[in-house]
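Hi,

Here is the structure I promised to pass on. Have a look at it first, and my notes follow below.

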Amino acid sequence: MNITVDFANPVGALKPLHGVNNGPISFGGMLNNSHRFRELGVPWVRLHDTNWPHPREVDVPQIFPNFNADPDDPANYNFGPTDDYLKSILDTGAKIVYRLGTSIEHYARRRYVFKPADYVQWARICRGIARHYTEGWADGIPNAVEYWEIWNEPDLGAKMWSGSYDDYLELYRVTSLALKEHNPRLKIGGPAACVFDKPSYPQFFTYCRGHRLPLDFYSWHLYAPTPAEFVTRAHDIRRRLDDHGYAQTPTFLTEWNYLPAPWEVLCSQNELLRREGFEKLKNEEGAAFCASLLIQMQDAPIDIMNYYDGQAMTWFCGLFDHYGMPQPTFYAFKAFRELLNYPVRAAVACDVPTVDLLAARSVGGSSGAMLIANFSANEFDVSIKHTGLNNVKSVQQVYQMENEAQISGGDASSGWTIENDAHVLLKRHAVALVQFR
């Protein structure tokens with residue numbers, strides 16, 4: 001495999017797409033991974049399924065437990081736990097996308113995912129929450145939240161929304177207009193779409209256009225076995241937004257992860273299949289997938305991405321185990337974060353289409369780096385040629401990560417030091433960060 005990097009050929013800037021769902025606090029405050037969030041430089045945290053499966057924060061019913069109470073009375077809100085949780089996120093330097101709604105419920109007997117009995121009342125409650133986290137109302141936190149997402153996956157079914165999709169569209173209409181009427185500067189969006197083969201997918205665009213509703217961002221979710229599916233969906237969403245008059249509306253992928261097997265396998269009663277599938281989200285295979293997607297989406301029409309999940313507590317907690325220890329996926333995110341230290345994206349080419357590459361350099365051209373993602377089961381003998389940097393003395397692999405044991409203790413270095421045009425081995429399902437100095 002031949003790789004050629006031309007650092008003299010700038011091709012734009014890198015997009016910091018390594019956002020996550022949920023903040024550094026897990027288990028009700030017993031585990032705090034704030035230092036890890038700072039290490040990754042997490043840019044955006046989207047709030048959904050917070051402290052799942054027993055959320056005490058973020059969800060509308062947790063903050064406003066008595067639906068029939070007066071939303072204009074601060075005494076009817078329980079902001080304390082959510083205040084503490086949001087402060088922990090803001091202290092890491094991340095910004096927030098706040099989902100107005102409820103967490104998912106898998107029990108047959110559900111409590112909160114029902115459509116609100118009174119949409120106007122629900123919108124008034126959401127207005128109070130928005131006031132608290134944008135204006136500082138009721139002893140709140142001014143400017144804490146930039147984006148407000150209305151509900152989560154109303155197209156999924158009973159686990160997330162009890163009504164019809166028409167019911168959700170009406171909720172979006174009432175809430176978005178009420179929030180905008182109160183404060184036109186609030187950035188409102190949705191629908192956190194996750195089903196794209198049903199009428200609900202195109203229906204949202206036509207409904208918003210027909211009713212002239214605010215749509216400051218369009219949010220969607222995808223779990224898939226290949227990065228290419230994300231790129232294809234991103235382009236389709238962009239086209240639909242443009243066709244419906246929302247050409248300036250950004251798109252947010254507010255939930256994503258690797259789907260190594262169909263959902264019916266991952267959620268089956270076969271515990272061996274469940275373990276095998278979900279462990280792939282955290283091991284070297286999941287890490288290579290994440291790095292590959294972060295690279296491929298650089299050229300896709302996407303503005304914010306939020307990996308599911310940044311908590312150390314769910315099956316999807318690919319970054320950390322239940323003790324807060326970083327997993328291979330964490331180091332894929334860290335390698336991407338390291339590349340962001342070089343602000344000028346550079347042209348890079350490879351003769352193997354299954355390997356993804358992303359390169360960047362310093363402003364003065366004295367140093368650079370390249371991220372390599374091999375999301376395949378093949379190994380490659382690699383030749384690297386580079387041009388366009390000033391006085392580069394060596395090309396050094398910071399790490400090549402192909403298994404959890406190699407990164408135990410946080411040391412993922414395998415000691416590459418190579419000259420220009422040297423040959424090295426790229427392992428299967430490997431993520432490599434290479435620096436040119």
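How many salt bridges does the count come to? The count is 19 salt bridges, and please keep in mind that this is a predicted model.

Glu149 counts as buried because its relative accessibility is 0%, and Arg46 is buried with a relative accessible area of 0%. Arg46 also forms a salt bridge with Glu255, where the closest N and O atoms are 3.0 Å apart. Here Arg46 sits in strand E5 and Glu255 in strand E10 (residues 251-258), so this pair ties together parts of the chain that are 209 residues apart in sequence. Both Arg46 and Glu255 are buried.

Asn306 turns up in the neighbourhood of those residues. It lies in strand E11 (residues 304-307) and, at 0% relative accessibility, counts as buried. A polar atom of its side chain lies 3.2 Å from the backbone oxygen of Val20, and there is a 3.3 Å distance from the backbone oxygen of Trp44 to a polar atom of the Asn306 side chain. Leaving aside residues up to four places away in sequence, the contacts of Asn306 include Arg46, Glu255 and Trp256.

Trp256 leads on to the core. The largest nonpolar core has 113 residues, and Tyr98, Ile129, Trp256 and Met297 are those with the most contacts inside it. Among the residues that Trp256 touches, not counting those up to four places away in sequence, are Leu222, Phe230, Phe289, Met305 and Phe333. Another core, of 21 residues, lies apart from the 113-residue one; Val5, Val355, Leu357 and Ile384 are among its members.

Helix H3 (residues 80-90) is worth a look too. Thr82, Asp83, Tyr85, Leu86, Ser88 and Ile89 are buried in this helix. The buried residues of H3 pack against E3, helix H1 (34-40), E5, H2, strand E6 (95-100) and helix H4 (119-134).

Now the aromatics. The structure holds 34 aromatic pairs. One of them joins Phe204 and Phe205 edge-to-face, at 6.4 Å centre to centre and with 80° between the planes. Phe204 is buried, with a relative accessible area of 0%, and Phe205 is buried at 1%. Phe205 also pairs with Tyr218: the ring centres are 4.9 Å apart and the planes are at 20°, so this pair is stacked. Phe205 is in helix H6 (residues 200-210) and Tyr218 in strand E9 (residues 217-224), 13 residues apart, and the pair links distant parts of the chain. Tyr218 counts as buried as well, at 0% relative accessibility. Elsewhere, the charged end of Arg209 sits over the ring of Tyr246, 4.8 Å from its centre.

Back to charges for a moment. Asp216 and Lys180 meet through their side chains in a salt bridge (2.9 Å, N to O). Asp216 is in the loop between H6 and E9 and Lys180 is in helix H5, so the pair ties together parts that are 36 residues apart in sequence. Asp216 counts as partly exposed at 25% relative accessibility, whereas Lys180 counts as buried at 18%. There is also a network of salt bridges that links Arg233, Asp236, Arg239, Arg240 and Asp243.

Lastly, some backbone details to check on your screen:

- Trp52 and Pro53 are joined by a cis peptide bond, with omega about 10°; Pro53 is in the loop between strand E5 (44-47) and helix H2 (60-63).
- Gly190 to Pro191 is another cis peptide bond, with omega near 0°, and Pro191 lies in strand E8 (residues 187-193).
- Phe27 is not a glycine but has a positive phi of about 55°; this residue is partly exposed, with a relative accessible area of 35%.
- Glu153 also has a positive phi, near 45°, and counts as buried at 8% relative accessibility.

Cheers

Methods:
Residues numbered from 1 in each chain as written. Predicted model: local features only at pLDDT ≥ 70, side-chain atom pairs only at ≥ 80, totals over all residues. Heavy atoms only, no water. Helix = DSSP H or I, 4+ residues; strand = E, 2+ residues; numbered from the N terminus. Buried < 20%, exposed > 50% of the residue type's maximum accessible area, 1.4 Å probe, protein only. Polar contact = N/O pair within 3.5 Å; in protein donor to acceptor, adjacent residues only side chain to side chain. Contact = heavy atoms within 4.5 Å. Phe/Tyr/Trp six-rings, centres within 6.5 Å; stacked < 30°, edge-to-face > 60°. Lys NZ or Arg CZ within 6 Å of the ring centre and 35° of its normal. Core = buried A, V, L, I, M, F, W, Y, C linked by side-chain atoms within 4.5 Å. Salt bridge = Lys/Arg side-chain N within 4 Å of Asp/Glu carboxyl O.
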